[in-house]
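Thank you all for coming.

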Amino acid sequence: MSARIGASPVRVGGQARVTGAQQYVADIHLPDELHAKLITLDCARARIVAIDTSAAEQVPGVHLVMTAADLPQPVPRFGPQFEDRPVLAVGETKYHGEPVAAVAADTKDAAEEAARLVRVEYEELQGVFTIAAALDPAAPLVQDPALRPGDPLAGTNVLREHHFGWGDVDAVTASADLVVEGTYAFPMVTHFAIEPHAFIAAPDGDGIAVWSTIQHPNWLQRILAKVLDLPLARVRVFAPDPGGGFGGKQHPKLEPLVAFMALRAGRPVRLVLTLEETFQAVRRNSTEIRVRSGFRADGTLVFRDIESNYLLGAYADIADRTVTKGSYAACGPYRVPAARVVARSILSHTTPSTAFRGFGNPQPIWAVESNMDEAARALGIDPLELRLRNLARRGETIIPGDTPADGEWEQTARKAAELIGWGTPPAPGRGRGIAFGIKSGPTTGLSYSTVRLLADGSVLVYAGTSDMGQGARTVFAQIAAEELGAPLEWISVVMGDTSVVPYDQQTSASRSTVLMGNAVLAACHDIQAKLRAMAARLHGVAEAEIVVEHGVVRLPDRELPILDVLGPGLGRLGGELIGNGEMRKEAEAGHPLGGSAAFYEFNCTAVEAEVDEETGDITLVRHVSVSDVGKALNPTQVRSQDEGAAIQALGHTLMEHYIYDERGRIRNLGAIDYRIPTSMDLPLELISATVENEDGPGPYGSKGMSEGALLCVAPAVAAAVRDATGVVIRDLPLTPERVWRALQERPTR
Amino acid sequence: MTQLIRIEVTVNGRRRALDVAAHHTLLDVLRDDLDLTGTKECCLVGECGACTVSLDGRIVDSCLVLAVEADGGVVTTVEGLASIGRLSPLQQAFLDTGAAQCGFCIPGQLMAANDLLGRNPHPTVAEVQEGLAGNLCRCAGYQQITEAVLTVAEEADR
C-alpha cells in the first residue's frame, strides 16, 4: 500500500507488535540486575515512627533496603510544576500506596519476601479524601506550608485558585431571560494502560542510564539530572514505546527512587509495578463544577459563570496545569459575551492526579454541555439548534486574546447530526443526545528532528516523540516518504534515547503530528535544499530553477531520481545528507496560559440510547463521533484514535470510578473491581467520521486529533438518557444503579 | 531456599525441561525462565487477558496457572503463531486492519482470537466480541480487532 500522505500503510512497528517481538520496558533485562519492591502502608495518611530493616536485610539475595534516611538530606523533591514529591515519603505518608521504603534483591521472590519483612511503625492520621473535607477550615493540611513560602494559600489545602473571564457577568445578568444552573460531578478514574509502569536504572560510567515507560523522556532527563546533581549529558533516558500512556506516563513517578537505588547498589535495579500499584500512582482529577448560564429567549448566550473544584491528590504532578487548561476553555466553542471562571486545585490525601487524555477539559465539558442541554429544554429550543446559534464561526473569538475559531465547526456538527439522524423521531423508548467538545492544543512547544538521507536513498528519521499507540512513527515515516520518495521499508524512525535523538519538549496535547511533524517536514526540506545545491553544482543550473519533490529532482529540461543526484553529488567517499528541522511555539508574555492555542480540537458526538427501566442499564444503539482533523495523514490511525477515545470515554461515562473508604484506601483496586470497557461494552453501532478542510497548522493542513473524540461523550450520553427517560443526572458515571435510582425518583409523567 | 520441581513442557514445538519454584506461574516461567516476553503481564488476577496462552489446546490466563500444572503440557505463545518468519493469517489481518496500536494487549488478543476461530471458524460479530471479552484493550481498538478476526473467517471460506 502507498506510504504517501493520506494513505494508511501498515503501522511502522506493527510487525513486532503482532509477533510478540516488541520490547517494552518490562521485557528488557540487564546483566546483574536487581529486582526492586516497594514498601507501602495500609492506610493513606500516617506518621512514620520508625522503620526496622534488619529482618529484611537478612533475606538471602537482598542487597539493598532503602529508606528516606539513605537518601541525600533533605530528601530531594521533584515534580513537573511544583517540586513537592519526595523520592520516598518523609516523616509522613500522604496517600494510600506512597512508598516509605524499597528493597532490591537478586530475585523477585527475595525482594517480595524482604519487602514483607520491613517493619514500619506508624501512627495513622486523619486524612482528607473529598473536596468538602479538604476545604473544611479545620482540615489537616496535605502539604507542608514550608514548601510554598509566602503563598497566602499555604495554610489551606487549595494549591492554586485560578480566575479567568471577560466582560462583566454581574452587569449583564439582568439582561438574561433565563438562567440555568446546576452542579455536575465527574469521578476519579484511572488510566489503566494495559502496560503497568516500569522502570530500570543502571550506573553508566560517571552517570546513569534509565529506562522508563515515560511519555516525555527529555523532561525525565531534566528532572533526574537535577535530583542526582548530574549534567544532562550524563543522564541517558531510554524510552521504549509505551504500552499505552493516555497522560499517565507523562511525568516522573518512581524513576528518581530507582536511580538512587541503582547508584547505591552499583548495579542495575528494575521496578515493574503491579496494576494495583499503577492504580495508586496515577488518576484523573475528580471535579464538582457549578455552572450558571444566562440566555436570551432566542437562545443567545448572555453569560457563563463557572466555579470548578478539582480534587488533586497528595502531590501536584501536572494536575494544576490540567485545571488551568480545562477551566480556561470551560465556556466552550461558543460566543460568550461575558464569562467568569473560578477554578481551584485542591490537594487531598489521595493518589496524585495527573494528565489524562483531555487534560482537564472533559470535566468542564461534562458540566457545561449538560447545562446546555438543560437550557435547550427550558428554552424550548432543539439542543443542536441552541448550540449552532451560539457556535463561533471561523475567525470569531471564543476566548478574548486567544486563537480565534480555526475551523468550520458547524460542518462538523451537521455531519454528526446527519449520521445520527437528528431531527427524525427515534424509535419508541430511545433517546438522542448531542454535545460539542473543544480542547485547546499546545500553548508552547519545541521539537527538533534530524533526518539523514543515506547514500543508498534510505532514510533515518530522529524524533523524540513517544509512540504509545497513536502511531507517530508511521506518520513521521509517511512525511519522509512523501518528501524524499523512499518506500516505507527504507525508512527507520529512531525514538526513545536522549543520547541519540534530539530534544523534544513532550508527547502530549495531541501535538506530535503538528509540532514534531513540522520539524520532520523542515528537516526533509533541509535535505531537499541540499539536493538542490548538489544538482545545481553537478548540472550547472541555478538552484532557483530546481525543484525537489517526492523523490525526484526536477531540472529545467529533465527529471532525475534523487539517487542520480545523491550518488554523484556525494562522490567517492559516500556519506549522507543531514537535514535538521526545528519547530517552536514560543511562550507569550502575559498570556494566562503562557501561550495561545496552537490549534483547537473540535468534536461533535451524538448518541442514540435505550434505557432498561427495570435495571437502569444503558444500551448505546448508535454512537457518532465527528472530528475536525484538518487532514487525516493516515486515515486508519485517525479512525483508531477517534474510536479509541470514544470508547475510552464510555469508561468514565458509564462505569469507572475509584471508591475510597474512610481511611483513604482505594477499595476497588485492580482489574476485578474496577471495570473498563470491554468488547462487550461497545455501542451497537460506532461511527467515526472526519471533517478535512486542510486548514490546520500541521504538515499538509493537519491538526492535532487524539483527544477530541473523548471530550463530550458523557454529556451526549446523559442527554440521550434524559431524552429517553426524562431524568436528568448530573453525576458520573451513569451506572445502572444511579440511573435506576433516578428513574425511581422520577415524578410520574 | 525455594524447592525446585522438575517439569517438562513443549513450548512452541520445542520440548523444555525446567526446574521451577512451586509457586511460580506459567507466566513467570515463560517470561523469566524462557525469555518469551511476548506474553504480557498486567493484572495477575485473570481479568485482563494480556497473558493469554494456549495450554493443551485451550486458552488459559497464564498468570492463573502454576508452572507445575503445565508439566507434560503443550504450550503455544504468541511467538509460536508465525511459522518460519511467515505471519499467520490472523497476525497479518491484525496488521492490515490496524488492530495493533500500542500493542501491549495484542499477544493475548491474538491467542484468544486464534482459539475462537479454532472452535468457531465462522463467528458472528457478537460471537467475536463475546469470545474476546476477556481481553482488555485500553487503546480500545475493539472494532479493528473484530474486523481482523472476521476478515480471517471470511478468507477461510474462499
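This is a predicted model: local features need pLDDT of at least 70, side-chain atom pairs count only at pLDDT 80 or more; totals for chains, interfaces and linings use all residues.

Residues are numbered from 1 along each chain as its sequence is written, and chains are lettered from A and ligands numbered from 1 in the order in which they are written.

In chain A there is an open sheet of four strands, in the order β18-β26-β27-β28, with mixed pairing. Helices here (H or I, at least four residues) and strands (E, at least two) are DSSP runs, numbered from the N terminus, and two strands pair if DSSP finds at least two bridges between them. The edges are β18 (430–440) and β28 (686–691) of chain A, each of which pairs on one side only. β18(A) runs antiparallel to β26 (residues 600–611) of chain A, and 11 bridges join them; within this pair, A:Gly433 stands opposite A:Val607.

Which helix lies across β18, β26, β27 and β28 of chain A? That is α12 (residues 409–420) of chain A, which runs at about 20° to β26(A). Helix α18 (residues 713–725) of chain A lies across β18, β26 and β27 of chain A, at about 160° to β18(A). Axes are lines fitted to C-alpha atoms, for helices over the stretch in contact, and angles run from 0 to 180 degrees between N-to-C directions; contact means that the C-beta atoms of two residues, placed from the backbone, lie within 7 Å.

Turning to chain B, 43 of its residues are in contact with 44 residues of chain A. On the side of chain B that touches chain A, α2 (89–97), α3 (106–119), α4 (125–131) and α5 (142–157) of chain B each supply at least two residues.

Elsewhere in chain B, strands β3 (residues 52–55) and β4 (residues 58–61) pair in the antiparallel sense over four bridges, with B:Leu55 opposite B:Arg58. Their hairpin has two residues between the strands, and there B:Asp56 takes a positive phi near 50°. β3(B) also runs antiparallel to β5 (residues 74–76) of chain B, joined by two bridges, and here the bridge partner of B:Leu55 is B:Val75.
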